[in-house]
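This report describes the surroundings of two ligands in a protein model. The structure comes first, then each ligand in turn.

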Amino acid sequence: MKQPVRVAITGAAGQIGYQLCFRIAAGDMLGPDQPVVLQLLEITPALGALEGVVMELKDAAFPLLADVVATDDANVAFKDADYALLVGAKPRGPGMERADLLAENGKIFGPQGRALNDHASRDVKVLVVGNPANTNALIAQAAAPDLDPRNFTAMTRLDHNRALAQLAEKTGRHHASIKKMIIWGNHSSTQYPDIRFAESEGEGLAAGVDTGWYRDSFIPAVQQRGAAIIKARGASSAASAASSAIDHIRSWALGTPDGDWVSMAVPSTGAYGIEPGIIYSYPCVCEGGNYRIVEGLDVDEFSRERMDATEAELREEREAVASLL
Ligand SMILES: NC(=O)C1=CN([C@@H]2O[C@H](COP(=O)(O)OP(=O)(O)OC[C@H]3O[C@@H](n4cnc5c(N)ncnc54)[C@H](O)[C@@H]3O)[C@@H](O)[C@H]2O)C=CC1
Ligand SMILES: O=C([O-])CC(=O)C(=O)O
């Protein structure tokens, strides 16, 4: 049996956290032979609810669950953490954009970045889910100067999975057969879901769908899916968000299949002319616990405009939180 690894989850008693804890303990994230210690962080008033989650985790008797820590102290939650899923933050309600949460949620990520800096494993892999995820990841990264900046990422895998589902429905292919989807940019309504390279069983899919559908239906549907879920459910996506967070870390830790890539919001290297440093979603290939941005893809005029628009929004968000960086 392998040695347990430590997985910190913030907002662990919230909607997404409640899903994550059980699926990670079941082995869905790191595999059926990898024991885990869950290190769960909540705000003090939610410690009672968190205790209930811990009771249920014990009751489920997961073979892979080595231990559970429940705390309201980030220094304890991040101690020696190998993975940190930063979920704890306020969700948006109807009529809001995710960036409207920046003033309130941004304050959470500086102190958590510092606690990661001081206590986590030097190789900790950080995924920010709490919105606005890209800029919150930038805030956490800025507060952790002793950690590799590359290890701070934000989640656009849910958008990637949503795009697979929409394209599968249109083309009659199964979503699992579709490879090389891309989400560029921000986890927001400016994101650019790009199907130009998407293929199923070796066959390109873009040529078979009409440009009007792609531009006027598909792109807005993916960009607005979070809002559509809030309208339908009265609460933001939770099970699909947790599932995609698990996908993000699993790909990063265990690798992407040959001939495919995943979308991850990572610190820009300047690839594709994007401002270095902002946390921008790119197509990424993962191997040996590392990711690399897929370089050299053709950028046409339509894509350039879309990629620049979502970059501009991320620069504006960075400006808005300059005092926290
Ligand atoms: N990146 C993405 O694709 C997605 C991001 N989200 C975002 O994830 C976040 C969480 O969503 P839900 O779980 O639905 O919200 P929720 O309100 O059900 O749970 C959030 C939990 O975080 C806790 N929390 C708040 N501040 C905290 C802090 N400083 N430290 C630790 N815990 C703290 C709260 O007590 C609460 O239990 C929201 O910001 C939401 O917008 C949601 C879906 C997808
Ligand atoms: O839309 C929201 O506010 C929650 C979220 O990030 C998503 O579902 O993509």
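How far is an oxygen atom of ligand 2 from an N or O atom in the side chain of R92? The distance is 2.5 Å.

## Basis

This is a predicted model, in which local features need pLDDT of at least 70 and side-chain atom pairs count only at pLDDT 80 or more, while totals for chains, interfaces and linings use all residues. Residues are numbered from 1 along each chain as its sequence is written, chains are lettered from A and ligands numbered from 1 in the order in which they are written, and side-chain values use heavy atoms, with hydrogens and water left out.

## Ligand 2

The residues around ligand 2 (a heavy atom within 4 Å) include R92, R98, N131, H187 and S237. Oxygen atoms of ligand 2 also lie 2.8 Å from a polar side-chain atom of R98 and 2.7 Å from an N or O atom in the side chain of S237. The protein covers 93% of the 260 Å² of accessible area (Shrake-Rupley method, 1.4 Å probe) that ligand 2 has on its own.

Domain 1 (5-154) and domain 2 (156-321), with bounds from an automatic or database assignment, both contribute to this shell, so ligand 2 lies between them.

## Ligand 1

Ligand 1 is surrounded by 24 residues, the closest being Q15, E42, K90, V129 and N131. An oxygen atom of ligand 1 is 2.5 Å from an N or O atom in the side chain of E42, and one is 2.8 Å from such an atom of N131. Taken alone, ligand 1 exposes 870 Å², of which the protein buries 86%.

Both domain 1 (5-154) and domain 2 (156-321) give residues to the shell around ligand 1, so this ligand lies between them.

Note on methods:
A polar contact is a pair of N or O atoms within 3.5 Å; within protein, one must be able to donate a hydrogen and the other to accept it, and residues adjacent in sequence count only if both atoms are side-chain atoms.
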